[in-house]
Amino acid sequence: MEVGNIFRHLLVHNEAFVKNTEETKFLAYATHQNPYITLLTCADSRVQGEILGRDIFNKVFIIRNAGNQFAVNRGSIEYSLFVLNTPVMLVLGHTDCGAVKFATHACITQSKEIMNLAKSFDKLMKTDYSLLTHEIKSEMLPLTIPIERGISDLRKIQNEMKELAYLSQINVDYQIEKTLKYYGDRVKENKLTIIGGVYDFVGAYSKQLGRVLITNINGIINPIDLQNNARNIIKRMPNYDEKSEGYKVVSGLIDEKVTRITV
Ligand SMILES: [Zn+2]
């Protein structure tokens, strides 16, 4: 898109937004915000907050950086958790993550013996990262820590899409591990629930494109414990009723969406 079109779009789109939005929506929250979830996700343009609902105004406090890293924006995270008191933090990675791919490339370059380990490496090694600035690289390089943890498991996957999704999943686990290191007490006191997920728009987990898979809850990653944990969280709904239609739907969704790529 040309800059003229982009600028026009900015003006026109915002005007349409103003016309189509009730003023009361803004007036009610002119001096304060009251979000219920802290979302730490990747800056990737394919990942948008709308996956949490059509209208997330005043509901989702969004923190984004390359590779959904905890350490990059810790101040913003603490503002959302401690000042705004959001009871849930969602750490959301995604499939085909450029930051994860960069860090994987860096790991392979450093240790040539892992070069033939996974199917996804061929394509990855053809990517030229030499033009990236020092700043870009140094923001993404910490991701080599989780990637190194997951890389040897890739030989058991041998599916390009799944391999990269698996590395995103391992990265989410790592970011949650870091979060728990600092805010684990709040989790123990039931003041905070940390949920990890992977937004799958390539079909690495299922044929359903656009699904958010829940891959970690408060650091729990064992698939059975993960599902049990999800069910326990649902029980905290004030009108919880196992016999209701609503519960059956949620239960089915837990079966489908609370899952991990295991090796
Ligand atoms: Zn990404």
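I call a crossing left-handed if the near helix is turned anticlockwise from the far one by less than a right angle, and right-handed if clockwise. Helices (H or I, at least four residues) and strands (E, at least two) are DSSP runs, numbered from the N terminus.

I noted the cut-offs of the predicted model: local features need pLDDT of at least 70, side-chain atom pairs count only at pLDDT 80 or more, and totals for chains, interfaces and linings use all residues. Residues are numbered from 1 along each chain as its sequence is written, and side-chain values use heavy atoms, with hydrogens and water left out.

Next I took the geometry. Helix 9 covers residues 223–234 and helix 10 covers residues 245–257; their axes come within 10 Å and cross at roughly 155 degrees. Axes are lines fitted to C-alpha atoms, for helices over the stretch in contact, and angles run from 0 to 180 degrees between N-to-C directions. Helix 9 and helix 10 are therefore roughly antiparallel. My angle classes: under 35 degrees is roughly parallel, over 145 roughly antiparallel, 65 to 115 roughly perpendicular, and the rest oblique.

I listed the contact (heavy atoms within 4.5 Å). Helix 9 brings Gln227, Ala230, Arg231 and Ile234; helix 10 brings Tyr247, Val250, Ser251, Ile254 and Asp255. By class, the contact of helix 9 with helix 10 has five nonpolar, two polar and two charged residues. Ala, Val, Leu, Ile, Met, Phe, Trp, Tyr, Cys and Pro count as nonpolar, Asp, Glu, Lys and Arg as charged, and the others, Gly among them, as polar.

**Helix 8 and its partners**

I turned to helix 3 (residues 74–83) against helix 8. Their axes come within 13 Å and cross at roughly 5 degrees. Helix 3 and helix 8 are therefore roughly parallel. Arg74, Ile77, Glu78, Leu81 and Phe82 of helix 3 touch Tyr182, Tyr183 and Arg186 of helix 8. I counted five nonpolar, no polar and three charged residues in the contact of helix 3 with helix 8.

Then helix 7 (residues 144–151): its axis comes within 9 Å of that of helix 8, and the two cross at roughly 125 degrees. That makes helix 7 oblique to helix 8. The crossing of helix 7 and helix 8 is right-handed. Among the residues in this contact are Ile145 and Pro146 of helix 7, with Tyr166 and Leu167 of helix 8.

**Pockets**

Lining it are 26 residues, with Val88, Ile195, Ile214, Ile233 and Ile234 nearest its centre. Helix 10 supplies the largest share of this lining, four residues. The lining of the largest pocket divides into 21 nonpolar, two polar and three charged residues.

The second largest pocket holds about 210 Å³. Of its 13 lining residues, Asp96, Lys101, Lys123, Glu160 and Leu164 are closest to its centre. Helix 8 gives the most to this lining, with four residues.

For both pockets I used a 1 Å grid over the protein atoms alone: a pocket is an open set of points where a 1.4 Å probe fits, with protein on both sides within 12 Å along at least five of seven lines, and lining residues have an atom within 4 Å of a point. Grid points are joined across faces, edges and corners, and a volume is the space filled by probe spheres set on the points.
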